[in-house]
Amino acid sequence: MLLTITNTARPATDLGFLLHKHPGRVQEFSQSSGTATVFYPEADEERCTAALLLEIDPVALVRSRGKGSPDFSLSQYVNDRPYAASSLLAVALGDVFRTARAGRCKARPELPDRALPLELRLPALPCRGGPDLARRLFEPLGWEVEARALPLDSAFPEWGESRYVGLALRGTVRLADALNHLYVLLPVLDDGKHYWIAPDEVDKLIRAGEGWLRGHPERGLITRRYLGRRWTLARTALARLAELGDETEEHLEPALAEDAPAGASAADEAAAAEAEAAGESAAEPAVPARPLSVRRREAVLARLEELGAVSVLDLGCGQGELVGALLSRPRFARVAGMDVSPLALAIAARKLRLDRMPDAKRARLTLFQGALTYTDKRLSGYDAAVLMEVVEHVDPPRLAALERVVFGHARPRHVIVTTPNIEYNVRYEFLTGLRHPDHRFEWTRAEFAAWAGRVAAEHGYQVTLEPVGDDDPEVGPPTQMGVFTRDQRS
């Protein structure tokens with residue numbers, strides 16, 4: 001299997017810095033299926049080409065019980081895997097160019113953000129859908145696509161075309177994006193993988209799809225094929241791509257994109273209709289400038305600043321997105337994050353780079369494990385507490401305990417609660433149930449208003465309700481936020 005990557009931006013040899021592979025060396029990398037070799041057929045100021053050659057070990061392939069056909073006993077010995085680009089090459093690419101895919105370059109930190117004039121070539125790859133599918137997948141990403149069907153046998157043209165295509169991609173894109181496009185789309189074109197598809201494949205897809213998959217017109221097909229048509233995994237992935245409430249596994253190294261709505265909203269459709277009437281292209285739905293998770297976090301931060309909070313407790317902090325944003329603003333002198341999951345806290349510590357955090361910032365931060373349904377003296381003494389996309393994860397019979405702990409025992413001056421608006425779910429494509437598998441319930445606007453009003457009255461708070469995200473005239477905003485302020489008399 002062969003992949004070549006060519007850069008023509010002067011100095012073209014910057015490609016070596018980005019790939020972390022020196023143009024003057026030939027490097028080999030052991031893979032479970034064989035050996036991957038990186039070398040440079042050409043490298044000068046005007047043009048630089050890096051080649052990734054994956055040589056398959058037939059014995060290793062047999063031992064892996066290749067799943068190229070339903071008849072595994074035969075496909076162990078007769079298959080196309082040593083010759084055509086597939087998930088084997090995608091895995092090798094992901095391993096060999098791991099740092100480049102993450103968009104990191106210590107020697108030249110400014111390089112990964114530059115869009116380069118690139119040309120990618122794959123002489124042969126299985127494509128269940130032919131050249132048309134290759135164009136449908138790559139053209140929306142800004143690539144000029146040259147895809148030609150390969151004959152079954154050039155000596156016998158009457159036999160017709162094979163299921164293989166020769167692919168060339170040309171475009172001005174970031175190298176990290178180009179590599180992630182291939183990492184995801186090679187097995188999608190093949191419509192198969194050589195290894196068992198486990199739930200962690202969802203995380204791989206979300207990471208590699210940063211910044212492009214959520215707005216792709218074929219994201220449903222891409223997700224289903226990448227996940228081997230495991231419908232449960234596909235539904236989970238599509239829900240996460242749609243943002244739909246939870247910020248899970250975001251900003252791990254390499255950094256992840258934050259999720260955003262997958263389906264076009266009514267406002268998007270109206271804008272598309274106006275563009276069409278004006279003679280403009282409306283082929284692709286409008287993509288929000290900022291994902292919902294970002295807008296929600298910005299809304300919470302803005303309200304905390306307006307309220308004058310100096311010490312903030314993030315209850316159910318997950319993997320530390322809000323905690324990190326709070327720490328980046330010096331006005332918040334004390335920041336704490338509590339979560340029931342030790343794993344989430346460990347990931348938060350890693351994402352926040354706790355081991356390398358400056359002493360002054362570290363002194364402002366506390367992370368601890370705890371449950372929202374049990375009183376805990378560590379929850380007291382903060383100006384504000386935040387429950388961002390948390391209450392819907394609590395079993396309804398346990399909500400009363402949460403209310404007593406937060407509003408009755410901890411009693412911060414302010415409490416901010418955000419939660420999904422279930423009425424908005426109809427605006428999300430592919431969503432047939434709740435927004436996340438762990439949600440115990442989701443409230444309508446009226447249900448949230450009733451809950452917030454009752455809790456405020458019972459515990460001596462005043463509450464205002466605010467929308468987060470585009471406020472749809474029919475179904476309201478995707479996220480609803482309650483801002484509780486304790487009466488000075490209580």
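**Overall picture**

I began with burial and noted that 53% of the 490 residues of the protein count as buried, where buried means under 20% relative accessible area, exposed over 50%, and partly exposed in between, with a 1.4 Å probe and protein chains only. I kept in mind that this is a predicted model, in which local features need pLDDT of at least 70 and side-chain atom pairs count only at pLDDT 80 or more, while totals for chains, interfaces and linings use all residues. Residues are numbered from 1 along each chain as its sequence is written, and side-chain values use heavy atoms, with hydrogens and water left out.

I then looked up the secondary structure and found 17 helices and 14 strands in the protein; helices (H or I, at least four residues) and strands (E, at least two) are DSSP runs, numbered from the N terminus. Among contacts in the protein with a separation of 6 or more, residues 24 or more positions apart account for 70%, a contact being heavy atoms within 4.5 Å.

**Helix 6 and helix 7**

I looked at how helix 6 (residues 130-138) packs with helix 7 (residues 175-190), and found an angle of about 150° with the axes 11 Å apart. The axes are lines fitted to C-alpha atoms, for helices over the stretch in contact, and angles run from 0 to 180 degrees between N-to-C directions. Helix 6 and helix 7 are therefore roughly antiparallel to each other, since angles over 145 degrees count as roughly antiparallel, under 35 as roughly parallel, 65 to 115 as roughly perpendicular and the rest as oblique.

On the helix 6 side I noted Leu 133, Ala 134, Leu 137 and Phe 138, which meet His 181, Leu 182, Leu 185, Val 188 and Leu 189 of helix 7. I sorted the residues of this contact of helix 6 with helix 7 into eight nonpolar, one polar and no charged, with Ala, Val, Leu, Ile, Met, Phe, Trp, Tyr, Cys and Pro counted as nonpolar, Asp, Glu, Lys and Arg as charged, and the others, Gly among them, as polar.

**Helix 14**

In helix 14 (residues 342-351) I listed Ala 344, Leu 345, Ile 347, Ala 348, Ala 349 and Lys 351 as buried. I traced what the buried residues of helix 14 pack against, and found helix 13 (321-327), strand 9 (334-339) and strand 10 (365-369). Helix 14 is followed by Arg 353, for which I noted a positive phi near 55°.

I found a cis peptide bond from Arg 10 to Pro 11, with omega near -15°, and placed Pro 11 in the loop between strand 1 (2-7) and helix 1 (14-19). In the loop between helix 1 and strand 2 (27-31) I came to His 20, which has a positive phi of about 60° although it is not a glycine. His 20 is partly exposed, with a relative accessible area of 36%.

**Gly 103**

I located Gly 103 in the loop between helix 5 (98-101) and strand 5 (116-126), and at 24% relative accessibility Gly 103 counts as partly exposed. Not counting residues up to four places away in sequence, Gly 103 touches Pro 112, Arg 174 and Ala 176. The C-alpha atoms of Gly 103 and Ala 176 are separated by 5.2 Å, although these residues are 73 residues apart along the chain.

**Arg 411**

I next examined Arg 411, which lies in the loop between helix 16 (399-410) and strand 12 (414-420) and is partly exposed, with a relative accessible area of 24%. Its phi is near 50°, a positive value in a residue other than glycine. The side chain of Arg 411 reaches the backbone oxygen of Phe 407 at 3.0 Å, and a polar atom of the Arg 411 side chain also lies 3.0 Å from the backbone oxygen of His 459.

**Asp 487**

Last, I looked up Asp 487 in the segment after strand 14 (479-486), and at 17% relative accessibility Asp 487 counts as buried. I found a polar contact of 3.4 Å joining the side chains of Asp 487 and Gln 462, where a polar contact is a pair of N or O atoms within 3.5 Å; within protein, one must be able to donate a hydrogen and the other to accept it, and residues adjacent in sequence count only if both atoms are side-chain atoms.
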